[in-house]
Amino acid sequence: MKPAVIGLIGTLALAGCNTVSYSGPGLEPIPGSITYSGQPRSKLTKSPPGSAFPHDFIDQYGRQVEETYIIQPDRSLIIAHRRYKPIRFFGD
């Protein structure tokens, strides 16, 4: 009986790992972000809600920025993560 209970608990725990939801407000857009001037006019219809994609750009201070966006159920975008990459000189 114990192995069946442990297996059931493990299955339920793994099933919870498959759902992606991000209900936070996200980060404020900065110049260069896809959502800086508002939501994009074209809706992402081929990507499923909950999927994420990266966007790299140079900000107004010359820093390289990498943002990760998540597609919401209404097809709007939310910035879930932002990372500033270090500036490299002379190919270091």
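Helices (H or I, at least four residues) and strands (E, at least two) are taken as DSSP runs, numbered from the N terminus. The model is predicted, so I kept to its cut-offs: local features need pLDDT of at least 70, side-chain atom pairs count only at pLDDT 80 or more, and totals for chains, interfaces and linings use all residues. Residues are numbered from 1 along each chain as its sequence is written, and side-chain values use heavy atoms, with hydrogens and water left out.

Entry on R82. I found R82 in strand β3, residues 77-85. R82 is buried at 19% relative accessible area (buried is under 20%, exposed over 50%, partly exposed in between; 1.4 Å probe, protein chains only). I looked up contacts (heavy atoms within 4.5 Å); beyond its neighbours within four places in sequence, R82 touches residues including L27, P29, I30 and V65. A polar atom of the R82 side chain lies 2.6 Å from the backbone oxygen of E28.

Entry on salt bridges. I used a side-chain nitrogen of Lys or Arg within 4 Å of a carboxyl oxygen of Asp or Glu. The count is 3.

E67 and R82 form one of them, with the closest N and O atoms 2.8 Å apart. E67 lies in strand β2 and R82 in strand β3, so this pair ties together parts 15 residues apart in sequence. Both residues, E67 and R82, are buried.

E66 pairs with K85 at 3.3 Å between the closest N and O atoms. E66 is in strand β2 (residues 64-71) and K85 in strand β3, so the pair links parts 19 residues apart in sequence. I noted E66 as partly exposed, at 22% relative accessibility.

R63 and D59 meet at 2.9 Å, N to O. R63 is partly exposed at 31%, whereas D59 is buried at 6%.

Technical notes. A polar contact is a pair of N or O atoms within 3.5 Å; within protein, one must be able to donate a hydrogen and the other to accept it, and residues adjacent in sequence count only if both atoms are side-chain atoms.
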